[in-house]
Amino acid sequence: MAAAWGRRGGSALLRGALGAAPGRACSTGAPVRAPTATAQELQSSGRGRFLLEHAAPFSAFLTDSFGRQHNYLRISLTEKCNLRCQYCMPEEGVQLTPKSELLTAQEIITLARLFVKEGVEKIRLTGGEPLIRPDVVDIVGQLNKLEGLKTIAITTNGINLARLLPRLKEAGVNAVNISLDTLVPAKYEFIVRRKGFHKVMEGIHKATELGYHPVKVNCVVMRGFNEDELLGFVEFTKDLPLDVRFIEYMPFDGNKWNFKKMVSYKEMLDTIKQRWPELEKLPCEASSTAKSYKVPHFQGQISFITSMSEHFCGSCNRLRITADGNLKVCLFGSSEVSLRDHLRSGASQEELVEIIGAAVSRKKKQHAGMFNISQMKNRPMILIGG
């Protein structure tokens, strides 16, 4: 019994207490956040000694052959979306999976429970647009009951956020990412092929009012579309507790990716530093995908997601489950394993864990590079779930 507790609770608590390894630097070159307690400090308390003695190593099933420990799971709740963003969905739309082949709420919770038991501490709900799923609040409430799960996050286009966020917060959502690629209403309609700019802005302000800090705003930067708005987005962080995340344009099926459309992290950073030479680099978590900066005296901050120009595969701790139940160990990889099929065929928990572990063990050291990725067959972003 103690060993089981150590696996589900002790090891997670111990990892949280020890924090990141001392001396390790993040991809920006800035130091990672300092650990909150040392092993010696834990040893000095009775509870600390118990954790050290009983904590099992991180799940071998969620550790790949390069030693990366996957404690972050992204679950797509739906393939449907109420927008048609140019970088995400082909203009003609996508062939949706029949509803009977999508994961039910109970299947989502069953799989989530399995991953959390093995060491996952953070789950992010994605889509499609997760907030158009009618039972999204109920799903969050069920996830919130999982012992050991520390963070429930949602990535949304923001259209329904102002209306649903109070209920979502009460159910257990404690982190929000909102997609917004322009601060110009007319340009917003061009990029997403729908109306809704003011609803997104309402959602951002509702999130700040409800105490989310920071509210992460995802902005995919594309040359000829919105690279002229970088400074405007930085200004957006002046009086609001936002983390505006500039994301390099990535290739997926049907989004007509072109290298010339991609604005690199360094180019974006140079543009911003010309206006704010005092821009400060911030510390980051060891497994962070973001390089973060702050203009002194601004409430918020900015970050860069450099998937193409400076990949962060070496510290990747993420796994993804698509809306139709496939496990993807890499966003840019075409390899998938159907957990839905195994679940529906009556596989035991032990068998599912073995299947997951086999998939994780096959994860490659890094993605194939932007030019190779652009030639590879993969799902459109909307069918992956981000």
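Select G119 first: this residue follows helix α4 and has a positive phi, near 125 degrees. Helices here are DSSP runs of H or I with at least four residues, strands are runs of E with at least two, and both are numbered from the N terminus. The model is predicted, so local features need pLDDT of at least 70 and side-chain atom pairs count only at pLDDT 80 or more, whereas totals for chains, interfaces and linings use all residues. Residues are numbered from 1 along each chain as its sequence is written, and side-chain values use heavy atoms, with hydrogens and water left out.

Which residues of α4 are buried? They are E107, I108, I109, L111, A112, L114, F115 and V116. Buried means under 20% relative accessible area, exposed over 50%, and partly exposed in between, using a 1.4 Å probe and protein chains only.

Next, select F115, I123, L143, L168, L180 and F246. Of the 94 residues in the largest nonpolar core, these touch the most other members. The largest share of this core, seven residues, comes from helix α4 (residues 105–117). A nonpolar core is a set of buried Ala, Val, Leu, Ile, Met, Phe, Trp, Tyr and Cys residues joined through side-chain atoms within 4.5 Å.

Centre the view on L143. Not counting residues up to four places away in sequence, L143 touches I109, A112, I123, L125, L149 and I152. Contact means heavy atoms within 4.5 Å.

**Two cis peptide bonds**

Move to G127 and G128, which are joined by a cis peptide bond with omega of about 20 degrees. G128 lies in the loop between β2 (122–126) and α5 (136–143). Then select H213 and P214, where the peptide bond is also cis, with omega near 0 degrees. P214 belongs to the loop between α8 and β5.

**Salt bridges**

Side chains of opposite charge can pair when their charged atoms come close. A salt bridge is counted when a side-chain nitrogen of Lys or Arg is within 4 Å of a carboxyl oxygen of Asp or Glu, and by this rule the count comes to 12.

Select R133 and D135, whose closest N and O atoms are 2.7 Å apart in a salt bridge. R133 counts as buried because its relative accessibility is 13%, whereas D135 is partly exposed at 22%.

Now select D228 and K187, a salt bridge with the closest N and O atoms 3.2 Å apart. This pair links distant parts of the chain: D228 is in the loop between β5 (215–221) and α9 (230–236), K187 is in helix α7 (residues 185–192), and the two are 41 residues apart.

Select E189 and K195 next; their side chains meet in a salt bridge at 3.5 Å, N to O. E189 is partly exposed at 32% relative accessibility, and K195 is exposed at 63%. Salt bridges that share partners also join K187, D228 and E229 into one network.

**Helices α6 and α8**

Display α6 (residues 161–171) with α8 (residues 197–209). They pack at an angle of about 25 degrees, with their axes 8 Å apart. The pair is therefore roughly parallel, the term for angles under 35 degrees, while over 145 is roughly antiparallel, 65 to 115 roughly perpendicular and the rest oblique. Axes are lines fitted to C-alpha atoms, for helices over the stretch in contact, and angles run from 0 to 180 degrees between N-to-C directions. To view the contact, select L161, A162 and L165 of α6 together with E202, G203, K206 and A207 of α8.

**Two loop residues**

Select R223, in the loop between β5 and α9. R223 is partly exposed, at 30% relative accessibility. Leaving aside neighbours within four places in sequence, R223 is in contact with K260, K261, M262, V263 and E267. R223 and S264 are 41 residues apart in sequence and 9.9 Å apart in space, C-alpha to C-alpha.

Finish at H297, in the loop between β8 (290–294) and β9 (301–305). H297 has a positive phi of about 80 degrees although it is not a glycine, and at 81% relative accessibility H297 is exposed.
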